[in-house]
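Here is a friendly walk through a structure, written for someone who likes to think in distances and areas. Please keep the viewer open as you read.

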Amino acid sequence: MRHVLSVLVENEPGVLSRVAGLFSGRGFNIESLNVAPTLEEGVSLMTITTSGEEQIIEQIVKQLRKLVTVIKVVDFIDVSAVEREMVMVKVQADDARRAEVLRIADIFRCKVVDVSLNDLTLEATGDHGKIQAILSLLTRFGIKEIARTGTVAMRRSMQPENA
Amino acid sequence: MELNGARILLECLKREGVDILFGYPGGAVIDIYDELPRHEVRHILVRHEQAAVHAADGFARASGKVGVCLVTSGPGATNTVTGIATAYADSIPMVVLTGQVPTPLIGNDAFQEVDIVGITRPCTKHNYLVKDVRDLARVLRQAFYLARSGRPGPVLVDLPKDVMQAKTEFVWPEDVKLRSYNPTYRPNLNQLRRAVEALIEAKRPLFFAGGGVVMSDASEELGWLARTLSIPVTSTLMGLGAFPGDDPLWLGMIGMHGTYAGNKAVNNADCIVAVGARFDDRVTGRLSAFASGARIIHIDIDPTSIRKNVQVDIPVVGDCRKALAGIREIATTRLAEKDWATAHEPWLAQVSAWRTEQPLTYVKNGSIKPQQVVETIFSITRGDAIVTTEVGQNQMWTAQFFTFRKPRTLLTSGGLGTMGYGFPAAIGAQFAFPDKLVIDMAGDGSIQMNIQELATAVCNKLPIKIVILNNGYLGMVRQWQELFYQRNYCSTCMEAQPDFVKLAEAYGAEGYRITEAGELESTLRAAFASPHTAVIDVRVEREENVYPMVPAGAALDEMLLV
Ligand SMILES: Cc1ncc(C[n+]2csc(CCOP(=O)(O)OP(=O)(O)O)c2C)c(N)n1
Ligand SMILES: [Mg+2]
């Protein structure tokens, strides 16, 4: 099961390696990891996507909480959340295929951020599933290069009852 | 007034109540050593940095205080790693101070530079590199607080040379503010009520004590509950001494070399209260068979310990003593709901039948049996000693055949199993209790891993007794080779052993050798009566094995017996 964890940390030197070391040292897997400062000085937000059985995820969350520099951990499986990731993908698009690529870009509301004679670079934003879908549709044109962020997530303001 | 970093460090140590440091100097820490003589704190010069850490660890285990050690950068720092990992595995409160190259040189592969903060990240509770002298007092305050609070552990503080020289106004932070660290001491009342409920329903309950009982000084509460509710008690290696080993309710340690009664009890109990134990694989045997018929109540201050290895029915996060006290309080109001003694009578009869059926035993044959050495030492001392161990058979025989009656009287490397731990730990313990008899139960292999500390012991006139159960083998490994590797004794026979008696004498200690069972008691008595550091080389039966033994991967009640 895929889990998105939001981890609020003290922005101290070494904090990233503490978190990364915890995952590698204990054999937990990281699918993606995103770190950036928050509005509060000295505090950063890490968004980690991982997967595993319930007991493993429970250990991951507890182990993260145990790190002295970790302030708060939220598992987004427990709350309703908005999730996004962003990808830039350079696709082969010669004259014959350009229209088709652009049509797909349009359907998924991608932006064209760079063009050349033979390729198009698209920027797409969406949840994990949407990004996967875009990539699989573009594969047949030939993807030359991709750069992809990890997931970021935010709790929705309105939570369903009993959540 | 402005003070330099070295002075601030020593002022902080004083305010933390540190009166002894174990250490070894070097270029990066000369400023600290330069300052040392002007302060009351004692510095004990060891002969290897690993020993400084084990000594601080032994001091901490024996006294319950935070152990402190001080070493230089580079190799001094890397030499501490085994000691730190040992303390981490057993949750020992400790502060390790390492020198570091000056901050402008960090990252340049400077002489004697290592990234010790990086190296020790996975084996410390937390660690710090102090880059600015103005952070020093705060960091040290936090380091001590972290080391001793919650689930204790080693904390390392890396001190660059220029930070020790730089000056600033010294302000002692009165309290520690760490918004990201709030250990749960007070257990959830509801969970405690459920625990009592489970105990009332139980027919075959069992207490299972770990090192957490020792560490949180919960022995009294445990004893009260066991006796009042008529519940037998087992423990891990780390829990030995938490419950008196001569109490009729005591079943012995469980695990790979646990007692028959203890291991049987675990797998036949219907309710187990695990207190401050973390279900190490050496303790549980094959997990799927472990306590399969029992509801498990698990009390631990560290939430990660709970449901890490074993599924738990009633988790209780909190300090062991507070949790047991809470259970006691609730149980007191509900004592009348069950006739505890009568209800548990068949169970107690069963466990004591197991105990008499298969007691811990060994075959006497006229040669010196290692188990007999341990028993003799117990009877000579009447158990009034602090006993440290090395690792291997010597450790297991000590755990089995010495009756530990009080917490903090057995100091042993449980989690990491570090050969070479026992002697330096004994040095630390002797400093904590100068008037107590401190004995290191050693193996001929392990003792050679920190034998150089004889110089430290002699120099400080420590009357430590090192009893070498000398079998001429790396005995525990040889035992595995005998039982599971067709006696292929590859690299376990200790050829070219030193003459331990002469070696002791060369260091200025006393050396004794015992080769006949008849001399055992009289020679041990003589050595124990001596005011000097003494090494007693006891030539024991060479191929004696530790039994019972649960082979790796077997269930706890699938024991090989004597
Ligand atoms: C530092 C270290 N290296 C290796 C081991 C593996 N090991 C465990 S027990 C043992 C044998 C110890 O021999 P000895 O000290 O003579 O004790 P005995 O088992 O013979 O009583 C060894 C090598 C260890 N525990 N620690
Ligand atoms: Mg040996």
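## The shell around ligand 1

In this predicted model, ligand 1 has 17 residues around it, and those that come nearest are Gln393(B), Gly417(B), Gly445(B), Ser446(B) and Gly475(B). By class, the shell holds seven nonpolar residues, nine polar ones and one charged one.

Two helices of chain B, α17 (393–401) and α20 (475–484), each give at least two residues to this shell. The largest share belongs to α20(B), with three residues.

## Polar contacts of ligand 1

One pair has a ligand oxygen 2.8 Å from a polar backbone atom of Gly445(B). In another, a polar backbone atom of Met476(B) lies 2.9 Å from an oxygen of the ligand. A side chain takes part as well: an N or O atom of Asp444(B) is 3.1 Å from a ligand oxygen. As for cover, ligand 1 on its own has 580 Å² of accessible area, and the protein covers 77% of that.

## The magnesium site

Asp444(B) also turns up at the magnesium ion (ligand 2), where the protein donors are Asp444(B) through OD, Asn471(B) through OD1 and Tyr473(B) through O, lying 2.1 Å from the ion. Along the sequence, these donor residues follow the spacing D-x26-N-x1-Y.

Are Asn471(B) and Tyr473(B) buried or exposed? Asn471(B) has a relative accessibility of 6%, so it counts as buried. Tyr473(B) is buried too, because its relative accessible area is 9%.

## A buried isoleucine in a loop

Elsewhere in chain B, Ile368(B) sits in the loop between α15 (340–357) and α16 (370–381). Why does Ile368(B) count as buried? The reason is its relative accessibility: at 2%, Ile368(B) falls under the 20% cut-off for a buried residue.

Leaving aside residues up to four places away in sequence, Ile368(B) touches Val373(B), then Ile514(B), Thr515(B), Glu516(B), Ala517(B) and Leu520(B), and also Val538(B), Arg539(B), Val540(B) and Glu541(B). Take Leu520(B) as an example: 152 residues separate Ile368(B) from Leu520(B) in sequence, yet their C-alpha atoms are 8.1 Å apart in space.

## Helix α11 of chain B

Helix α11 of chain B covers residues 219–229, and its buried residues are Ser219(B), Glu221(B), Leu222(B), Gly223(B), Leu225(B), Ala226(B) and Leu229(B).

What do the buried residues of α11(B) pack against? Their partners in chain B are the helices α9 (189–201), α10 (211–215), α14 (320–333) and α15, together with the strands β9 (205–209) and β10 (233–235). After α11(B) comes Ser230(B), which has a positive phi near 55 degrees.

## Chain A at a glance

Chain A has four helices and nine strands, in the order β-α-β-β-α-β-β-α-β-β-α-β-β from the N terminus on. Its C-alpha trace spans about 55 × 40 × 35 Å along the principal axes.

Of the 163 residues in chain A, 39% are buried. The chain exposes about 9000 Å², of which carbon and sulfur atoms supply 53%. Among its contacts between residues at least 6 apart in sequence, 72% join residues at least 24 apart.

Definitions and conventions: Residues are numbered from 1 along each chain as its sequence is written. Chains are lettered from A and ligands numbered from 1 in the order in which they are written. This is a predicted model: local features need pLDDT of at least 70, side-chain atom pairs count only at pLDDT 80 or more; totals for chains, interfaces and linings use all residues. Side-chain values use heavy atoms; hydrogens and water are left out. Buried means under 20% relative accessible area, exposed over 50%, partly exposed in between (1.4 Å probe, protein chains only). Contact means heavy atoms within 4.5 Å. Donors are N, O and S atoms within 2.8 Å of the metal (3.2 Å for Na, K and Ca); water is not among the atoms, so sites may look incomplete. A residue is near a molecule or strand if one of its heavy atoms lies within 4 Å of it. A polar contact is a pair of N or O atoms within 3.5 Å; within protein, one must be able to donate a hydrogen and the other to accept it, and residues adjacent in sequence count only if both atoms are side-chain atoms. Accessible areas come from the Shrake-Rupley method with a 1.4 Å probe; for residues, only the protein chains shown count as cover. Ala, Val, Leu, Ile, Met, Phe, Trp, Tyr, Cys and Pro count as nonpolar, Asp, Glu, Lys and Arg as charged, and the others, Gly among them, as polar.
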